[in-house]
Amino acid sequence: MKRHLFYRVITGVLITGLLGAAAGCGQTQETEKVKRGQAQESRVFDKESNSLEKWQQDLRSEGPVSISSQSIRGIQTIKDGETVFAVSYEPRTYKNSYDCWSLSVPYQSWVSVDTEAMYGYFDHIGALNLNAAEVTEEAAGLSDSDTSVFVAYYSGQDEENAGQAEPDKGITYQIGKEADEGHYYVKTSSGNEIWTADKSAVDGLLNVDPYNMILKIANVVSIETVSSVDIEIKGKDYIIDLSDQENNNYKLNNKKADQEEINTLYTALISIFIEKEIEEPYDRQKKEDPMLVMTFHRNTEDAPDIVESFYDYDGDYAAVNINGTEFFLVDKAAVESLADTVKEAF
């Protein structure tokens, strides 16, 4: 992730917090709050929901339409029967506007989205350039196709205004065979017509790399939404008490601390960078206990607690686990340095 963008995100996390939420960033969540003392493997974690299934059921569009990237509120891409990418705009009261995009496939929403890269992906929808084709469904490879792209969008979007957060239209593009060197056959959910679509745009949608669409930060939790952070390092506990932030009353293991000290420490907690995806499965059961565990307890019922754990992966990397999901590797030395920073602060 670009470093300047990282510092912009961190500034938002520390300063704007809840006050910076644009459209309200509500949520339905499957939740049972994490209990301290439980083994990592037996914990029940909060899960984030998304709206894509509901939008596919409820939203329709009349005829082929021109959809701008800015009007899109969600996309689900299915390739050969497998959902390879899903992202949706999910306003939450506890999130800043930049963090309202939920990348549910493949990362189960526990990442921050690089919106610039995401909108670049959305541009492929506007570049489909549908043209009518005279061909049967069978000849076009559409009668048994299990490759498609669903798009939820707000039809009233214009260039000068942000538009409403909720989409009001939805359309599915079913992808068939190649029509020629530059086109695919396509059928939409809004009619029985068959179209040709620009091959480079379709390929751009189907050959998606979700890793390129995330900010390379292991975890970002707005300090304004946190009541306390429990940190465990090799069996020893460290507690940051943020329950009385409005009165600038902060504590480290029940000892009073000033705001600058807390902000410096909190910035360190959320400044671990993602280095790469976990490519080779590994047996964490055979690994030692986590190097470091941070539990972010929230100050609102809507917000899920976040449990972030780091496990020794190899000589250079540690695996980061967020609420039971494990996708990425981080610099092992950075985790060890963070542990030292926490110990020194207390």
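How many bridges pair strand 4 with strand 5, and in which sense? Strand 4 (residues 82-89) and strand 5 are joined by four bridges in the antiparallel sense. Within this pair, Ser88 stands opposite Ser102 in strand 5. Strands and helices here are DSSP runs numbered from the N terminus, with at least two residues (E) for a strand and at least four (H or I) for a helix. Two strands count as paired if DSSP finds at least two bridges between them. The model is predicted, so local features need pLDDT of at least 70 and side-chain atom pairs count only at pLDDT 80 or more, while totals for chains, interfaces and linings use all residues. Residues are numbered from 1 along each chain as its sequence is written, and side-chain values use heavy atoms, with hydrogens and water left out.

Contact means heavy atoms within 4.5 Å. Axes are lines fitted to C-alpha atoms, for helices over the stretch in contact, and angles between N-to-C directions run from 0 to 180 degrees.

Helix 3 (residues 115-126) and helix 4 (residues 199-206) also meet each other. Their axes come within 8 Å and cross at roughly 140°. The two helices are therefore oblique to each other. On this scale, angles under 35 degrees are roughly parallel, over 145 roughly antiparallel, 65 to 115 roughly perpendicular, and the rest oblique. Tyr121, His124 and Ile125 of helix 3 meet Ser200, Ala201, Gly204 and Leu205 of helix 4. By class, this contact has four nonpolar, three polar and no charged residues. Seven of the eight residues of helix 4 are buried, so helix 4 is largely enclosed by the rest of the structure. The buried residues are Lys199, Ala201, Val202, Asp203, Gly204, Leu205 and Leu206. Buried means under 20% relative accessible area, exposed over 50%, and partly exposed in between (1.4 Å probe, protein chains only).

Two hairpins follow. Strand 11 (residues 226-233) and strand 12 (residues 236-244) pair in the antiparallel sense over six bridges. The bridge partner of Ile233 is Lys236. Two residues separate the strands, and Lys234 in the turn has a positive phi of about 50°. Strand 12 also runs antiparallel to strand 13 (residues 249-252), over three bridges. Asp244 stands opposite Asn249. This hairpin has four residues between its strands, and Asn248 in the turn has a positive phi of about 50°.

Helix 5 (residues 259-269) and helix 6 (residues 332-345) form another pair. Their axes come within 10 Å and cross at roughly 160°. The two are therefore roughly antiparallel to each other. Glu261, Leu265, Ala268 and Leu269 of helix 5 contact Leu338, Thr341, Val342 and Ala345 of helix 6.

Ile274 is found in strand 15 (residues 274-277). At 7% relative accessibility, Ile274 counts as buried. Beyond four places in sequence, its contacts include Tyr211, Leu215, Phe328 and Val330.

Key:
Nonpolar A, V, L, I, M, F, W, Y, C, P; charged D, E, K, R; others polar.
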